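Me: I would like to go through some of the labels attached to this model and ask what each one rests on.

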Amino acid sequence: MNDGLKERFLQNRFILSELIKKGIRLKYRRSYLGILWSLLEPLLTMIVLTIVFGTLMGVHERSFPVYILSGRLLYGFFSLSTTAALKSIRANSSIIKKVYVPKMLYPLSSILFNYIIFAISLIVLAVVSLVLGVYPTFYLIQIIIPLVVLLLLSLGCGLILSTIGVFFRDMEYLWTVALMLIMYTCAIFYKTDKLLYSKWGFVLKGNPLFCVIDNFRSAIFGQPMNLRYLAYATGFSIVSILIGFIAFKKNEDKFILEI
């Protein structure tokens, strides 16, 4: 029995790794820049956002581009990975109809291959931080915590979305609108010093992705994490994973009838 479980685990691990490789290849298919674009795109976006919002809000801090880039990278991963997970079952419908592969591997691989690309793009953040004088401190060691919570949050939301997306195709359009709302409540390109203590502060604090981004920035800028944000984002992530796993397993046998 143990040998059977071990063999099944190894087999699924191989399939998962192949799906991740396939996802990366497809993402950069027919692209001249290839994975280099994952480094250039956030850098170019950072420059545009810094010029536009730095000018509009009168922010002249030298480290402001680091502030923007850190939020942009984390939100970008969450947006791309959850959208890919949402579409993953339908996108692989031809394979699902022909070959048996545990269906949960499809949304899982969609999130993991985007996480690998995201991890590579953090090189840009490191370089920009050093260039602009934001040097690593002791608090940088805590950066792994928000990165893990970000992955868990994306996994939970991705599983839920991938299940809903099979039965409700319009979810793709609704999620696009939802992501826009999430983006504006993540404080990617504006400071939150005053807003957090206003009557609208609960909007930011209620967004688990904002809590992850805020703690990530704390590690970058040499500050202790907000433990309340950490507890809330972690709890939200774990609950979403449980809901997503249960919903997915309960409905996966019906997927074949809908795709």
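Me: Why is Cys157 called buried?
Reply: In this predicted model, Cys157 has a relative accessible area of 14%, and because buried means under 20%, Cys157 is classed as buried.

Me: What makes Cys186 buried or exposed?
Reply: Its relative accessibility is 0%, and because the limit for buried is under 20%, Cys186 counts as buried.

Me: Why is Ile47 called partly exposed?
Reply: Ile47, which lies in helix H2 (residues 37–56), has a relative accessibility of 40%; because buried means under 20% and exposed over 50%, Ile47 falls in between and counts as partly exposed.

Me: What makes H5 roughly antiparallel to H6?
Reply: The axes of helix H5 (residues 105–131) and helix H6 (residues 144–167) come within 10 Å and cross at roughly 150°, and because angles over 145 degrees count as roughly antiparallel, H5 is described as roughly antiparallel to H6. The crossing is right-handed, and the contact is made by residues including Leu108, Ile111 and Phe118 of H5 and Leu151, Leu155 and Ser162 of H6. By class, this contact has 13 nonpolar, three polar and no charged residues.

Key
Residues are numbered from 1 along each chain as its sequence is written. This is a predicted model: local features need pLDDT of at least 70, side-chain atom pairs count only at pLDDT 80 or more; totals for chains, interfaces and linings use all residues. Side-chain values use heavy atoms; hydrogens and water are left out. Helices (H or I, at least four residues) and strands (E, at least two) are DSSP runs, numbered from the N terminus. Buried means under 20% relative accessible area, exposed over 50%, partly exposed in between (1.4 Å probe, protein chains only). Axes are lines fitted to C-alpha atoms, for helices over the stretch in contact, and angles run from 0 to 180 degrees between N-to-C directions. Angles under 35 degrees count as roughly parallel, over 145 as roughly antiparallel, 65 to 115 as roughly perpendicular and the rest as oblique. A crossing is left-handed if the near helix is turned anticlockwise from the far one by less than a right angle, and right-handed if clockwise. Contact means heavy atoms within 4.5 Å. Ala, Val, Leu, Ile, Met, Phe, Trp, Tyr, Cys and Pro count as nonpolar, Asp, Glu, Lys and Arg as charged, and the others, Gly among them, as polar.
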